[in-house]
Amino acid sequence: MISATPRIDRIIRATIITLTAGTLAACAGTYTGPVEVTRFVGQQQVPLGQGTITLDFPDEVENQTARNAFAAAVADELSDLGYEVVLDGSSQAVYLASIRTSRNTLAAASSNGPVSVGVGGGTGSYGSGVGVGLGINLGGGNRAPNVLSELSVRITGPDGASLWEGRAQQPTSIKSPYSDVDASARILAAALFNDFPGGNGETVTVDVDDLREQ
């Protein structure tokens, strides 16, 4: 069994400011929502978590800092799962992990009502978005979320068939520690691959504190 300690250590190092986020959130007026994860497991009888794998961004990501942060976060998670990650784009890698990520603004239904899960400002600063919101209750009030950050990964085999895919998204206020691009990448990737591969078609909600306490 692979220990989760190295992964959690990286999350804590990358998001050291968040160690006190829970106690400061109320007075700072920030909002950090849970991460909602949906996963699909292919029907092919192919072992997951082993073999060589390389990374790809099908959509252009103009924000190079975000691209690097998400590539590193996904690579770390895949390594922890047992994959040998090849980062030079080698065609010799057996598997391919296609990464898409976005950050979108959230539109409020009204000044006093709950916040709806909708794109309020087009696709976000990371790159191309692929839908938002699967049921997270965003609530409302002074600490309502402003943005929805999303990470999706699809693992395909040599024949291009999808073996596994998942999507993680988290609503936060813009001043949340998890709105930092590196912290966002780490927590979304950790949630996405938590309990890998997960159930086919399942949607789970993961609290960030639960990830840090593992």
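**Close-up views of a predicted model**

View 1. Thr52 sits in strand E2. The model shown here is predicted. Thr52 has a relative accessible area of 18%, so this residue is buried, the limit being under 20%. Its side chain reaches the backbone nitrogen of Val94 at 2.8 Å. Which residues is Thr52 in contact with, leaving aside neighbours within four places in sequence? They are Glu84, Val86, Gln92, Ala93, Val94 and Tyr95.

**View 2. Tyr83 and Tyr95, an aromatic pair.** A pair of aromatic rings is described by the distance of the centres and the angle of the planes. The model has 4 aromatic pairs. In one of them, the ring centres of Tyr83 and Tyr95 lie 6.1 Å apart. Their planes meet at 75 degrees, so the pair is edge-to-face; the rule asks for over 60. The pair links distant parts of the chain. Tyr83 lies in the loop between helix H3 (64–81) and strand E3 (84–86). Tyr95 belongs to strand E4 (residues 95–108).

View 3. Phe193 and Phe196 form a tilted aromatic pair. Their rings are 6.0 Å apart, centre to centre. The angle between the planes is 45 degrees. Both Phe193 and Phe196 are buried. Together with Trp164, these residues form one aromatic cluster.

**View 4. The nonpolar core.** In soluble globular proteins, nonpolar side chains tend to be buried together. The largest nonpolar core of this chain has 41 residues. Which residues have the most contacts inside this core? They are Leu78, Leu151, Val153, Ile155 and Phe193. Several elements give two or more residues to the core. Among the strands are E1 (35–41), E2 (52–56), E4, E6 (147–156) and E7 (162–172). Helices H3, H4 (181–192) and H5 (208–213) contribute as well.

**View 5. Asp209 and Pro34.** Asp209 is placed in helix H5. With a relative accessible area of 35%, Asp209 is partly exposed. Asp209 and Pro34 are 175 residues apart along the chain. How far apart are their C-alpha atoms? The separation is 9.0 Å.

**View 6. The whole chain.** The chain holds 5 helices and 8 strands. Along the sequence, they follow the pattern α-α-β-β-α-β-β-β-β-β-α-β-α. Of the 214 residues, 46% are buried. Take the contacts with a separation of 6 or more: residues 24 or more positions apart account for 77% of them. The accessible surface of the chain is about 10,100 Å². Carbon and sulfur atoms make up 49% of that surface.

View 7. The average pLDDT of the chain is 75. A score of at least 70 is reached by 66% of the residues. Where does the pLDDT stay under 50? One such stretch is residues 11–27, with 16 contacts beyond four places in sequence. Another is residues 109–142, where the model has 86 contacts beyond near neighbours in sequence. Where pLDDT is low, the predicted coordinates should not be read in detail.

Methods
Residues are numbered from 1 along each chain as its sequence is written. This is a predicted model: local features need pLDDT of at least 70, side-chain atom pairs count only at pLDDT 80 or more; totals for chains, interfaces and linings use all residues. Side-chain values use heavy atoms; hydrogens and water are left out. Rings of Phe, Tyr and Trp (its six-membered ring) pair if their centres lie within 6.5 Å; planes under 30 degrees apart count as stacked, over 60 as edge-to-face and the rest as tilted. Helices (H or I, at least four residues) and strands (E, at least two) are DSSP runs, numbered from the N terminus. Buried means under 20% relative accessible area, exposed over 50%, partly exposed in between (1.4 Å probe, protein chains only). Contact means heavy atoms within 4.5 Å. Accessible areas come from the Shrake-Rupley method with a 1.4 Å probe; for residues, only the protein chains shown count as cover. A nonpolar core is a set of buried Ala, Val, Leu, Ile, Met, Phe, Trp, Tyr and Cys residues joined through side-chain atoms within 4.5 Å. pLDDT is the predictor's confidence in each residue, from 0 to 100. A polar contact is a pair of N or O atoms within 3.5 Å; within protein, one must be able to donate a hydrogen and the other to accept it, and residues adjacent in sequence count only if both atoms are side-chain atoms.
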